[in-house]
Amino acid sequence: IDEFNIPRFFVVNGLDKENVDFEKIVAQLKEAYGTSVAPLSIPIGSGAGFKGVVDLLTKQAYEYAPEGNGAGKKIDMPSELAGKVDEMRSALMESIAESDENLMNTYFENGELSDDEMKQGLANGVANNFIYPLLSVCATGNIGTDILFDTIVNLCPSPEARKEIEITDGAETKKVSCSPPEKSMAFVFKTISEEHVGELNIFRVFNGKIATGMDLANVTRGSGERPGTLYVLRGKEKIEVNEIGFGDIGGVLKLKDTHTNDTLAAKGQSFYYPPTHYPEPLVSIAITPKSKGDEEKIGIGFSKLHEEDVSFSYTFHPDIRQSILSAMGDIHIEIILENLFKRFKVSVEREQPKISYRETITRPAKYVEYTHKKQTGGAGQFARVFIDLEPLERGSGYEFEDKIVGGVIDQPFRPSVDKGIKTKMEEGILAGYPIVDVKVSLVDGKTHPVDSKDIAFQIAGREVFKKAFEAASPILLEPIVDLSVTVPDDYTGDIMGDLSSRRGKISGMEPDGKYQTIKAKVPASELATYSQSMRSLTQGRGFYTRSFSHYEPVPPDVTKKVIEKSRRNTEQESS
């Protein structure tokens, strides 16, 4: 919102519920965002008695039929609300006056603003992100929704107010003007997959127009498109049109190869609208199908759902051998799995994902030898190898160096040693996790003129590496996460204490009004339930982002537990 300077609206929904306290919510928002929060409508009644709203701009009260068509009926102002309406309207007038110097002077001179001055000042304040309107509604009862939509129409800037946009042209970022006569350009910001219909791409036109049958280029993918039937969307209703004009939002069915974040433009245009970047998913679960053979259905289902919602991910993690679903929160996870079941008839089992640990060494092991012999009556197997093993800097990966001199190992067999070592590195030795940041030097060995072969040197490579690894003081590495937690001042101590209990290292704090952003580096293994814990500690008023930082050694006591758990799991799988 702040990055793109989008007007911020607050809506207090569900006022027909007994536990929704309008005045408390307003106070909390003002505490968080200051006097910029400006209520434009207040509820008449509460809980089951919520039946209407008062528009503070016009001081007009409206009553609504339960679950009606959403059109309010004008009624006299309830006498018990008269004093509150005058008080809140005066506060709204002050907020509007503070947003503009000329209005401030008028307010001081006359002691008030006219209705027209309030409306124009409010629209300017919202467009400049100085005022955040707040409205009272009940979506399920269709109460106050007409005032909400009228407010959006009257206060939000029209498409013509946007004079230019930032685009990407090759490696260059620049700005281009937005205008109806310009060459056509539209950005696909949403895709919906409809059963028996296909994919509906929803787009915003930034330049020119998009018309049925127009030859367009998908600049993002370098392909051509010709839109068929175009629609204007109104809820579930699709209204067929011939073209979508500058500044408008429309939908098109069955494009060949167009997806969310793609740019459609007139042919010959090379620049495109930059894709939307979504935050890193915060919550992950491991899933398996409840019914055998449903793996393919799950893959197809998630692929379709991801077209509609690109903020979640579904991948198979080879290190931990689990399929991982990652999303923005617990409710997001529930919605995705519910859609998977409803639309693709697939149920899944869920569990906490394993942590993707790594294994490495802390000191060199020199001239380690292993001899592989196998004699079974026929052709035998023979390979003898000597290696040096040494640690590398974190993040270096793996290096193999052939230091054989004089042909003690025939050239064709040396890559076999490397191949066997890589296989063992993928399997792991300490606890079954991939081995990283090591260098292996093949320094000596011996071959047999008859029994030496590729498989023998692969086996020797595996075993000599295991022997050297165990002699080089191996350790486990764990993934560390950069965590950024934003909470009201009152909860700062609780959050910092909680992070410390999770082996977190606080790296800094950044104040933002009455909020604090705490930055910390925390082991990923300690964050499995962090979303629920943080919500509980802050009464739902905090939020956080996370991203991978680096790997670092696991403490000895934790290492012992990880190794024991890995061995138990291996024994269970083998039995």
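Biologist: At what angle do the axes of H6 and H7 cross?

Modeller: This is a predicted model. In it, the axes of helix H6 (residues 295-308) and helix H7 (residues 330-344) cross at roughly 115 degrees. They come within 10 Å.

Biologist: Is that crossing left-handed or right-handed?

Modeller: H6 passes H7 in a right-handed crossing.

Biologist: Which residues of H6 and H7 meet there?

Modeller: From H6 come Lys297, Ile298, Gly301, Phe302, Lys304, Leu305 and Glu308. From H7 come Ile336, Leu337, Asn339, Leu340, Arg343 and Phe344. The contact divides into 7 nonpolar, 2 polar and 4 charged residues.

Biologist: What about the sheet with E20 in it? What's the strand order?

Modeller: The order is E21-E22-E20-E23. It is an open sheet of 4 strands, with antiparallel pairing.

Biologist: Why do E21 and E23 each have a side without a neighbour?

Modeller: Strand E21 (313-317) and strand E23 (348-351) stand at the edges, so each has a single partner strand and one side left without a neighbour in the sheet. The twist averages 35 degrees from one strand to the next.

Biologist: How many bridges join E20 to E22?

Modeller: There are 5 bridges between E20 (residues 283-289) and E22 (residues 322-327). Ser284 stands opposite Ser326 in E22.

Biologist: Which strands of that sheet does H6 touch?

Modeller: H6 packs on the sheet and touches E20, E21, E22 and E23. Its direction makes about 140 degrees with that of E20.

Biologist: New topic. Which residues of H5 are buried?

Modeller: In helix H5 (residues 145-155), the buried ones are Thr145, Ile147, Leu148, Thr151 and Leu155. They cover an arc of only 160 degrees around the axis, which puts them on the same side of H5.

Biologist: Why would residues spaced along a helix point the same way?

Modeller: An α-helix has 3.6 residues a turn, so residues three or four places apart point the same way.

Biologist: And what does the face of H5 turned away from the buried side carry?

Modeller: That face carries the exposed residues Phe149, Val153 and Asn154. The buried residues of H5 pack against strands E1, E4, E5 and E7, and against helix H4.

Biologist: E1 and E7 again. What's the order of their sheet?

Modeller: The order is E1-E7-E2, in an open sheet of 3 strands with parallel pairing. The twist averages 25 degrees from one strand to the next. E2 and E7 pair over 3 bridges. Val37 stands opposite Tyr132 in E7.

Biologist: Which strands does H1 lie across?

Modeller: Helix H1 (residues 22-33) lies across E1, E2 and E7. H1 runs at about 170 degrees to E7.

Note on methods: Residues are numbered from 1 along each chain as its sequence is written. This is a predicted model: local features need pLDDT of at least 70, side-chain atom pairs count only at pLDDT 80 or more; totals for chains, interfaces and linings use all residues. Side-chain values use heavy atoms; hydrogens and water are left out. Axes are lines fitted to C-alpha atoms, for helices over the stretch in contact, and angles run from 0 to 180 degrees between N-to-C directions. Helices (H or I, at least four residues) and strands (E, at least two) are DSSP runs, numbered from the N terminus. A crossing is left-handed if the near helix is turned anticlockwise from the far one by less than a right angle, and right-handed if clockwise. Contact means heavy atoms within 4.5 Å. Ala, Val, Leu, Ile, Met, Phe, Trp, Tyr, Cys and Pro count as nonpolar, Asp, Glu, Lys and Arg as charged, and the others, Gly among them, as polar. Buried means under 20% relative accessible area, exposed over 50%, partly exposed in between (1.4 Å probe, protein chains only). The arc is that of the directions from the helix axis to the C-beta atoms. Two strands pair if DSSP finds at least two bridges between them.
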